[in-house]
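Have the structure open beside you as you read.

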Amino acid sequence: MTESAKPLTMDTIVSLCRRRGFVFPSSEIYGGIGSTYDYGHYGVLTKNNIRSLWFRAMVQERDDIVALDSAIILNPRVWEASGHVAGFTDPLVDCRTCKLRFRADQLELSSCGRKPSKRPGETPECDLTEPRQFNLMFETHVGALMDESSLAYLRPETAQGIFVNFKNVAQLARRKPPFGIAQVGKSFRNEITPGNFLFRLREFEQMEMEFFVPPAEADEWFGYWLDARRRWYLDLGLRAENLRVREHAAEERSHYSLATSDLEYLYPIGWQELEGVANRGDYDLTQHTRESGTKLEWIDPDGTRYTPYVIEPAVSIDRIMLAFLCDAYDEEVVGDRERVVLRLHPRVAPVKAAILPLVPRDEGMASRARALYEELRLHHAVEHDDSGQIGRRYRRQDEIGTPWAFTVDEQTLEDETVTVRDRDSLAQERLPIGGVRQWLDDTLQQDWSSPQSR
Ligand code: ATP
């Protein structure tokens, strides 16, 4: 069935996203702004699905995690206490010849400014400086004055908003460790390695959960979350051969981390971090206790006090979306025609079903298709399409990953049944039009795995 043997390139995904309105370069009519993208209709629908699937797994289906939505601009002392002002840096090198700037630890992912087929430093003309540290936080000013006293930062991670609220939540949430606080929201980093589409953005939507545990249980919970997060991706159809766990060596870990493992995905640019799971120990709560003077600790009913350790699964919706798109992309020849198809998990797909009148000018087909669409759209993201040949309409839906199409045809007028076309197998069956809603509800609940899996 699946015949695409050529390796997938990032350009293929970029061009599909643009062609079908998932993602556009930001402020494009002004020439864009590096590593920043805007999401179009299908991109927004897909992001909404990823966000709500994450929230469902992390908060709704559990009784030990609560939600939080903290501000993007926090008191700048938060970032001094957390270590970000001093240490949230990447090592940079400049090329004196082409005047471009590169991340010293990622030269293999960058291209020389003069000879893009070479890496920086590979040509005799390249003249790289020694690495120096560059802080990734975006600065801004709060209030009317533009001086040191008004300096503030756009948050580079959502986690600190959780730590500084630990006392508020612990007092009000009626939970005791182990318990977690989950937050989804924009984070900002002045990233230096440009390119690679949604993988490395300057503005991205992070989903982080800080799980506070008694220190003696930290190792066990670290293993638990690593496994739970891996399972989440596999359950959403990510192919197992494209997902792996990589443990960080001690020298690679962040200053706060006692242990870190990445869930890596095989993107077109190679194996790269999709999600990080870290044991942050008591670093953050201890730092904020010290710097704010507010004790961020847990007191058991028997009076025992301790600073919980924190296990953190952290990811961005953008990197997840890129992984799902790459994993789902397929090209195949059906009959004598080529089709591009996104084999997305139905729960991730932006549109769940298309409702198509076979002959749009036939009043009976048109009115039944419209009525079915109006019924289904109350419950699911569905589309009605009555323009162009039926084959073209199917292919349009294949490219955005719509798992099913319901076609109203001549037979519908006789027996009130419609055709259901399956995106992956192309199998067609007939259903009573009155049972479509229930069929869609039920089928969306079923397990799904990629037909491209080995
Ligand atoms: P990298 O090593 O790739 O720069 P990181 O280790 O700095 O990533 P973390 O600080 O652990 O990343 O951030 C947690 C998660 O947030 C990452 O696993 C990734 O999913 C996401 N993320 C981080 N930076 C970006 C970015 N610039 N664009 C998109 N997503 C990002």
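The largest cavity has a volume of about 60 Å³. A cavity is a set of points, on a 1 Å grid over the protein atoms alone, where a 1.4 Å probe fits but cannot get out. Grid points are joined across faces, edges and corners, and a volume is the space filled by probe spheres set on the points. This is a predicted model, in which local features need pLDDT of at least 70 and side-chain atom pairs count only at pLDDT 80 or more, while totals for chains, interfaces and linings use all residues. Residues are numbered from 1 along each chain as its sequence is written, and side-chain values use heavy atoms, with hydrogens and water left out.

**The cavity**
- The count comes to one cavity of 30 Å³ or more.
- Residues lining the largest cavity include Leu 236, Phe 324, Arg 343, His 345 and Trp 448; lining residues have an atom within 4 Å of a point.
- Six nonpolar, three polar and two charged residues make up this lining. Here Ala, Val, Leu, Ile, Met, Phe, Trp, Tyr, Cys and Pro count as nonpolar, Asp, Glu, Lys and Arg as charged, and the others, Gly among them, as polar.

**The largest pocket**
- A pocket is an open set of points with protein on both sides within 12 Å along at least five of seven lines.
- The volume of the largest pocket is about 1300 Å³. It is lined by 49 residues, and Phe 88, Arg 103, Arg 189, Ser 254 and Glu 273 are the closest to its centre.
- Strand 13 gives the most to this lining, with nine residues. Helices (H or I, at least four residues) and strands (E, at least two) are DSSP runs, numbered from the N terminus.
- Other elements that each supply at least two residues of the lining include helix 4 (84-87), strand 4 (89-94) and helix 9 (317-328).
- By class, the lining of the largest pocket has 15 nonpolar, 13 polar and 21 charged residues.

**The ligand**
- Where does the ligand sit? It sits in the largest pocket, as more than half of its atoms lie within 2 Å of the grid points.
- There are 16 residues around the ligand, and Glu 191, Leu 201, Glu 273, Leu 274 and Ser 316 come nearest. A residue counts as near if one of its heavy atoms lies within 4 Å.
- Strand 13 (270-281) gives the most to this shell, with four residues, and strand 10 (203-213) and strand 16 (309-316) each supply at least two.
- The shell divides into six nonpolar, three polar and seven charged residues.
- Polar contacts are pairs of N or O atoms within 3.5 Å. An N or O atom in the side chain of Arg 189 is 3.0 Å from an oxygen atom of the ligand, and for the side chain of Arg 200 the distance is 2.8 Å.
- Leu 274 takes part through its backbone, with an N or O atom 2.8 Å from an oxygen atom of the ligand.
- On its own, the ligand has 600 Å² of accessible area, and the protein covers 84% of it. Accessible areas come from the Shrake-Rupley method with a 1.4 Å probe.

**The second largest pocket**
- This pocket has a volume of about 700 Å³.
- Of its 28 lining residues, Leu 53, Arg 56, Glu 61, Leu 236 and Arg 347 lie nearest its centre.
- Helix 7 (218-235) is one of the elements that supply at least two lining residues, and its share, eight residues, is the largest.

**Two backbone details**
- Most residues other than glycine have a negative phi, and most peptide bonds are trans.
- Pro 177 and Pro 178 are joined by a cis peptide bond, with omega about 0°. Pro 178 lies in the loop between helix 6 (166-172) and strand 9 (179-188).
- Ser 35 is not a glycine, yet its phi is positive, at about 55°.

Technical notes: Polar contact = N/O pair within 3.5 Å; in protein donor to acceptor, adjacent residues only side chain to side chain.
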